[in-house]
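Thanks for coming. Please have a look at the chain on the screen, and I will go through it piece by piece.

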Amino acid sequence: MQKRVLLFYFLSTFLFVACSSRKNLSSSKNNTAVVQKYARLMDVPKKKIKNPELYQFIDEWLGTKYRLGGLSKNGIDCSGFTHLLYKEIYHKNIPRNTAEQVKIIKRKYEGQLKEGDLVFFDYDKKKFSHVGVFLQNGYYVHASTRRGVMVQKLKDPYTYKYFSRGGSIK
């Protein structure tokens, strides 16, 4: 009887460890696919993507429709998206709205922007009416009113004319 208990204990422990390691392996494969996807999209070598969790987060939200005041996968606005991204990825609690977010950045020239910096736009003649998060190689992620959460070139002819400023969180 004691041998059966030991055998049961050994097998259940083995299965628990095996399932756990399989999950990590699956997560690792998923991160590899996401890294490849965004490296290709932004035209950078895979080794340049040092924060796969950021790109996994983006991938999970990609295509989520825009909803003013929204803060869920049923709909999200631009400042809500940056707020959640900072909370989940950088473990920083930044303000919920764009007007407050712009107040907490250390302004940078466009060429100095780094991954994770906030970028602001002035649409409809309103100062700082839109925000996104700079990625790499001139790309940023944001919640667009027309296409939802998306990755886009900062110098996109339509949006670049509204670009106002960028900077890192103080």
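Start at Ser168, which, apart from its neighbours within four places in sequence, is in contact with Ile104, Ile105, Lys106, Lys108 and Asp117; contact means heavy atoms within 4.5 Å. This is a predicted model, in which local features need pLDDT of at least 70 and side-chain atom pairs count only at pLDDT 80 or more, while totals for chains, interfaces and linings use all residues. Residues are numbered from 1 along each chain as its sequence is written, and side-chain values use heavy atoms, with hydrogens and water left out.

Is Ser168 buried or exposed? Its relative accessibility is 17%, so Ser168 counts as buried. Buried here is under 20% relative accessible area, exposed is over 50%, and partly exposed lies in between, with a 1.4 Å probe and protein chains only.

Ser168 sits in strand E8. Helices (H or I, at least four residues) and strands (E, at least two) are DSSP runs, numbered from the N terminus. E8 covers residues 163–169 and runs antiparallel to E3, with four bridges joining them.

Six strands form an open sheet in the order E3-E8-E4-E5-E6-E7, and the pairing is antiparallel. Two strands pair if DSSP finds at least two bridges between them. At the edges are E3 (105–108) and E7 (148–153), each pairing on one side only. From one strand to the next, the twist averages 35 degrees.

Which helix packs on the sheet? That is H3, residues 78–89, which touches E4, E5, E6, E7 and E8 and makes about 35 degrees with the direction of E5. Angles run from 0 to 180 degrees between N-to-C directions, and axes are lines fitted to C-alpha atoms, for helices over the stretch in contact.

H3 also meets H2, residues 52–61: their axes come within 10 Å and cross at roughly 140 degrees. H2 and H3 are therefore oblique to each other; angles under 35 degrees count as roughly parallel, over 145 as roughly antiparallel, 65 to 115 as roughly perpendicular, and the rest as oblique. On the H2 side, the residues that meet H3 include Phe57 and Trp61, and on the H3 side they include Phe81 and Leu85.

Last, the whole chain. It has five helices and eight strands. Of its 170 residues, 41% are buried. Among contacts between residues at least 6 apart in sequence, 49% join residues at least 24 apart.
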